[in-house]
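Subject: Structure handover and findings

Hello,

Here is the structure I promised to pass on. My notes follow below it.

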Amino acid sequence: MKYHIYFHDDFDGVVSAVVFWDFFRKRGDKLLSFNPINYEPNLKKNWADFKFKTPFILVDFMYHPKAVWWFDHHETSFINPDWKKKYKDDDTHAFNPSFKSGCGLTLAYLKKKYKYKAPRHIEYLVKWGDIIDSAGYKNAKQVVERKGPVLQWMSFLNSLDRTNQKTYQARIAGIIKQLATKPIREIINQPVIAKKIKENMVDIKISVMAFKNSAILKNKVVFIDKTNNEISGSHFLAFYLYPKSFYSVSISKYSGYYHISAGDNPWNRARGHDINIGEIMTKYGGGGHKGIGGTEKRSKDEILKVADEVVKYLNANG
C-alpha cells in the first residue's frame, strides 16, 4: 500500500512519522509524501473539509474520520462530538491520553498489533519524545541550555525555515528518513547541522537576556510578548529565570499569525488545584495537554485579549 502521512509539526510528530516510515519500509508499504501540519487559525473550523492527499495517515494530531491510520494522545483530539461518539480503536486507529507522547503510543501499538521491532536508535528517539512532550526534564536548565544530543537536534528542527512550504516539506522528508536510519549522535555531527546548532546555542544565551528584560511576573504567572523580539527557546525560559513561578504565558508571531502558549511549571506546580490548560485553550479554538496548551489568532489584538484572560484565570484559579 502507498500512503501520505500528516503529523504535528514538532518533535513528537516528526518522530511519530519516523516510526511509521521504518514500520512501512519493513513490511513493504510506502509513504508518498510527508506533510507537517500545525494548529493555524480557523483550522478546527475547517477541519472536516481539510484537503488531504489520499489515502492518508494522521499522527499526533486531532482526529479526522477519513484517516486510514490515526494515532493520538491529546485529550482534546475530538472536536466533533459525533466523531467521538462513533469512534472505536481498531487495527489502524488508537486513542490513548495516558501515553506521554504520540510517538510512544504509535510505537507501542505497532509493536502490539504487528510485532514491529524498532531499531535501538528509534527507541531512543521515542524515549525522548516521552520526555519532551510530557515536560519530563530533570530541570529547566536541562531544556533551556540544550543538554544532550536530542535537545540540540530539536533546536535545529525548530530553527528550520518554514516560509516556503514545498521546500520545507522536502527538507522534513529527508530529515525523517535520516532519523529512521542513523543514530542522532551521528546526525548532529554533520557539518551543516553542527554549524546551525552552534549558532542556536549562541542565540539561546542572547534570548535568555532578552527574555529577562522583557518578561513580566504577574503574581503566579510569567508573561512575555515575543511578537517584536527574536527570542528563541521554549516557555521553559520562564521557569529557568523565575523558578518560583507557577505558570508561563507567552505570545509570539508565527508564519503570519499570532500564537499563545501557556504552561505550568513542572518543578513547582500549584498545590491543591487541578487546572487543565489544554481544556482552557479549547475555549479559544486551541487545545493541548493538562500542563500545556496553545491556540492561534489572526491579529495581535485578539491574541492579547486571550493572553489577558488566561493570565487572570490562572492567577485566580491556580
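Start with helix H5. The buried residues of H5 are covered by elements that include H1, H4, helix H6 (140-144), H7, H8 and H9. Keep in mind that this is a predicted model.

**Helix H5**

Which residues of H5 are buried? They are His121, Ile122, Leu125, Val126, Trp128, Gly129, Ile131, Ile132 and Asp133. Ala135 follows H5 and has a positive phi, near 55°.

**Helix H8**

H8 runs over residues 165-181. Its 17 residues should span 24 Å at 1.5 Å a residue, and the end C-alpha atoms are 25 Å apart, so the two values agree.

The buried residues of H8 are Tyr168, Ile172, Ala173, Ile175, Ile176, Leu179 and Ala180. These residues cover an arc of only 170° around the axis, so they sit on the same side of H8. Lys166, Thr167 and Ala170 are exposed on the other side of H8.

What do the buried residues of H8 pack against? The partners are strand S1 (2-8), H1, strand S2 (30-37), helix H5 (120-133), helix H7 (149-158) and helix H9 (184-187).

Gln169 also belongs to helix H8. Leaving out residues up to four places away in sequence, Gln169 touches Phe34, Asn35, Pro36 and Lys53.

**Two helix pairs**

Two packed helices are described by the angle between their axes and the distance between the axes. Two pairs are worth a look.

On the H5 side, the contact uses His121, Ile122 and Leu125. On the H8 side, it uses Leu179, Ala180 and Thr181. By class, that contact holds four nonpolar residues, two polar ones and no charged ones.

Next, H1 with H4. Helix H1 (residues 11-27) packs on helix H4 (residues 102-114) at an angle of about 20°, and the axes are 7 Å apart. Angles under 35 degrees count as roughly parallel, so H1 is roughly parallel to H4. H1 brings Asp12, Val15, Ser16, Val19, Phe20, Phe23 and Arg27 to the contact. H4 brings Gly102, Cys103, Thr106, Leu107, Leu110 and Tyr114. The residues of this H1 and H4 contact divide into eight nonpolar, three polar and two charged.

**Two buried residues**

Val59 is in strand S3 (residues 56-59). Is Val59 buried or exposed? Its relative accessibility is 0%, so Val59 counts as buried. Leaving aside neighbours within four places in sequence, Val59 is in contact with Ile5, Tyr6, Phe7, His8, Ser16, Phe20, Phe71 and Thr106. Val59 and Phe20 are 39 residues apart along the chain, with 9.3 Å between their C-alpha atoms.

His74 is in the loop between strand S4 (69-72) and helix H3 (81-86). Its relative accessible area is 8%, and the cut-off for buried is under 20%, so His74 is buried. Not counting residues up to four places away in sequence, His74 touches Asp60, Phe95, Gly288 and His289.

**Backbone points to check**

Please look at these when you set up the model.

- The peptide bond from Thr54 to Pro55 is cis, with omega near -10°. Pro55 is in the loop between helix H2 (43-46) and S3.
- Asn42 is a residue other than glycine with a positive phi, near 70°. The loop between S2 and H2 holds Asn42. Asn42 is partly exposed, at 44% relative accessible area.
- Arg146 is not a glycine, yet its phi is positive, about 55°. Arg146 lies in the loop between H6 and H7. With a relative accessible area of 7%, Arg146 is buried.

Best regards

Key. Residues are numbered from 1 along each chain as its sequence is written. This is a predicted model: local features need pLDDT of at least 70, side-chain atom pairs count only at pLDDT 80 or more; totals for chains, interfaces and linings use all residues. Side-chain values use heavy atoms; hydrogens and water are left out. Axes are lines fitted to C-alpha atoms, for helices over the stretch in contact, and angles run from 0 to 180 degrees between N-to-C directions. Helices (H or I, at least four residues) and strands (E, at least two) are DSSP runs, numbered from the N terminus. Angles under 35 degrees count as roughly parallel, over 145 as roughly antiparallel, 65 to 115 as roughly perpendicular and the rest as oblique. Contact means heavy atoms within 4.5 Å. Ala, Val, Leu, Ile, Met, Phe, Trp, Tyr, Cys and Pro count as nonpolar, Asp, Glu, Lys and Arg as charged, and the others, Gly among them, as polar. The expected span of a helix is 1.5 Å times one less than its number of residues. Buried means under 20% relative accessible area, exposed over 50%, partly exposed in between (1.4 Å probe, protein chains only). The arc is that of the directions from the helix axis to the C-beta atoms.
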